[in-house]
Structure formats: C-alpha cells, structure tokens
Amino acid sequence: MSRLSVLFASLLVFVTKATAQSPVWGQCGGIGWTGATSCASGSACQVVNPYYSQCIPGAAGSTAAPSPTTSSAPAPTTSAKSNTVAKAAGKLYFGSATDNPELTDTAYVSILSDSGFFGQITPGNSMKWDATEPSRGTFTFTNGDTIANLAKKNGQLLRGHNCVWYNQLPSWVSSGNFDNATLSSILQTHCSTVVGHYKGQIYSWDVVNEPFNDDGTLRSFVFSNTIGESYIDIALNAARAADPNAKLYINDYNIEGPGAKSTSMQNLVKSLKARGTPLDGIGLQGHFIVGELPSNLQENLEAFTALGVEVAYTELDIRMTLPSTAALLAQQEKDYQTVVTACNNVEKCVGVTIWYSWVPSTFSGQGAACPWDQNLVEKPAYSGIIAGFQ
Ligand code: G3I
C-alpha cells in the first residue's frame, strides 16, 4: 500500500461524525464504525488500531494515536472536514491531487471520494502529454478517464493537468526538429484533442504549466524556442474552442509571493488579455518549505485578481527537513493556516488543492509535507487548514 494510500486509510479512523457519546471503554471510532465518536465525561477517544478506537478513562482528548517518530505536539481534535469548511467559507472546493496507482486501494478511494474532505481532484500524471499522446496522433485516455469518472461518480470538480509543459513531454515532440508551422499544428491538435475529450467534465484546465524560469524569463523548451511566447496563445485558443465552459489557467510555482517571476506572470496576463487570448485563472502551485513562506501572499493573489483573473493554490504542500519536531509541526500548522487564510481572504481565490506525494522521492532528507504524518496520524497542519477557512 502506498504511503498516500495508507495515509488516507488512517483517516477512516476519524471520519465518522459524532452522533452520541460512547461509554467509558466503549468503541468510538475505527474503519467501518458509524456509531458515536465522542466519549463520556472523564474519558477520551484513542486509537487502538485502525479498526478500533476506544474511550479511555483519563486519557487526553484526541482522535488519533500519538506518533512515536514525529513529536509530542498535540493532535488536532477537530472533526471538521476540509471541503465542507472551504465551501462554508464561500470557496468552490478543497481538493487533492491523486494518481492511478493509488486507486486500487479501496480504503484510500473511500476517503478520496468523500466530498466532505475533497470537493475537487486533479490527476497527478494521467492527463499529461506523455500519458495522452505518447506517439504522434495516438491518443490514450484510459488512466485519465478513470480519474474523470471517479470525480463524476463522487460529484467532485475535476482539474485538467495539463496541455503543455516542458516536462513529461515525449521525445517525439521535444526532439522532432519540427518547424514553427508543424509544431504549432502539433500543439493545436494536442490541446484540442485532450481538452475536447474531457469536454463538459472539467472545471478548470492547467492549459500551460510552468512557462517561466525563476528569474521571470520565458522558459526555454521546444515550444518557446520554436514558436516563441505565442505557443501559449495557441494552447489557450485551442482549449477554449474545445471546451468553451472550462476555466483556462496558466499554472506555475514560485509566483506565490511578489517578485520577478510573479511580475512576469502578471505581465503575461496583461499581454494575453490585451491581444484577446482567452484566460480565466492563474494557478499558484504552492510547493513550500516550513518556516519559509513568501511574504505578502494575500497581496500577491490580489495583484492577479486585479487583472481580471481568478486564482487558486493548485499544488499545496509544505515540506520540512526530517526528522520532524514539535516546533516544526507547529510552524507547519501556522504555515498551512497562513496559505489557506490568504486564499480565504481573497474573493476570487476559488480553492486550494494539496499535492505532496512527489516530495519524499524528490528532496532527499525532506518530507512530512502533507497534513498527516508518516504514521498516518493527522497533524496540527490539518487543524491549520481548517482554521484558515474559518
Ligand atoms: O510512468 C513511469 C513508469 O512507467 C516507470 O516504471 C516509473 C519508474 O520510475 O516512472 C514512471 O514515471 C514517473 C511518473 O511520475 C509517473 O509515476 C516518473 O518517473 C516521475 O518522475 C513522475 O513524477 C511526477 C512529476 O510531476 C514529474 O515531474 C510526479 O508523480 C508528479 O506528482 C509531479 O507533479 C508536478 C506537477 O505536474 C507540476 N508541478 C510540480 C509537481 C511536482 O513535481
């Protein structure tokens, strides 16, 4: 079972809603438990194993077992659900990225499918170019369809990710030595076909992913090198024609605070609007390090919304140097709350999506980025998310 899957399996421990109080020594939670989740006075609910939580006399109130490998930071006691609180705050969703390998785990799927937790999902890999058009003109949608169908079944919004990106681009595209006209046609065909395939099923598309370098210059790759900045217009126009109701986004990282890259993205928004290219939103990925959030998150969001686009945090995770400590977990709680609060305070920030499964394999010595720990216990960070929406 993957780390992500196990994590969500653990969530089953605390997802049932309190209906009454369990007596001292009575069951108060566990996978499949639908009875009371609060305990009689003088006792508190503690996890015995994923299938059985019990009202222990004199125990400290907690819905989760303490983690032996993380810290003694108190576990959150909230029973609020992230998407429920996001919607109550006027947002469209709180969401999560997911990926096809995880979908064989029924316990995980049951939590991912709980629209109380997640009102939106994003396929982490299965709609990217290498997955959808691995060779020219041959389109495969099997894995993307699986996630689209899951979202439909669950009544969740779906974010398409993505039409054009420098990464996970098959070598037939990047090394094909195509001229401008041919490459423009390849891009137009790709975005039209993929967005068209999911027409009517997608709330928003990351049409263009990560177009800038960190210094704010246009990222060099086959499309920008051959076509120039107008590759972005080709992709957006193709997407709009293929699914007129989908919100069209450009998505990037390190644009969450003011700076050269954020300014370049704002200038791109202005240029695209000036030349009549369709664009509805800017996705701010939100891959952060504990204690190192950019300043002025809210002002930065407002700089985008002032240009007439909506915004969303599309890939939020906040990693730390391991091992985690109580101080790091407490700072992570604050950081999650700070990010969610920034979105909550900006009317045209439509939602927040978490995306953390890539962290352990990418950053040696770093991890614990998600709102639950490696022992599948909800962390203070989860409370930070809930607090941010309140
Ligand atoms: O599909 C192959 C599989 O056939 C092979 O056996 C396996 C062996 O390593 O690799 C598989 O490909 C992996 C792919 O994910 C699908 O699982 C790649 O190695 C791996 O590099 C790739 O990582 C993805 C990464 O994008 C690529 O840059 C992550 O899962 C995905 O979460 C991550 O997502 C990106 C967003 O799209 C854009 N923003 C940043 C974010 C995090 O990097």
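So, the ligand: 13 residues surround it, and the closest are Asn125, Lys128, His161, Glu210 and Glu315. By "surround" I mean having a heavy atom within 4 Å of the molecule. Keep in mind this is a predicted model, where local features need pLDDT of at least 70, side-chain atom pairs count only at pLDDT 80 or more, and totals for chains, interfaces and linings use all residues. Residues are numbered from 1 along each chain as its sequence is written, and side-chain values use heavy atoms, with hydrogens and water left out.

Okay, polar contacts, meaning pairs of N or O atoms within 3.5 Å. His161 has a side-chain N or O atom 2.7 Å from a ligand oxygen. Asn125 puts a polar side-chain atom 2.9 Å from an oxygen of the ligand, and for Asn167 the distance to a ligand oxygen is 2.9 Å, again from a polar side-chain atom. On its own the ligand has 790 Å² of accessible area, and the protein covers 46% of that (Shrake-Rupley, 1.4 Å probe).

What's the shell made of? Three nonpolar, seven polar and three charged residues, with Asp, Glu, Lys and Arg as charged, Ala, Val, Leu, Ile, Met, Phe, Trp, Tyr, Cys and Pro as nonpolar, and the others, Gly among them, as polar.

Now the largest pocket. That's an open set of points on a 1 Å grid over the protein atoms alone, where a 1.4 Å probe fits, with protein on both sides within 12 Å along at least five of seven lines; lining residues have an atom within 4 Å of a point. The lining has 24 residues, with Gly124, Lys128, Glu315, Trp355 and Trp358 nearest the pocket's centre. Nine are nonpolar, 10 polar and five charged.

Notes:
A polar contact is a pair of N or O atoms within 3.5 Å; within protein, one must be able to donate a hydrogen and the other to accept it, and residues adjacent in sequence count only if both atoms are side-chain atoms.
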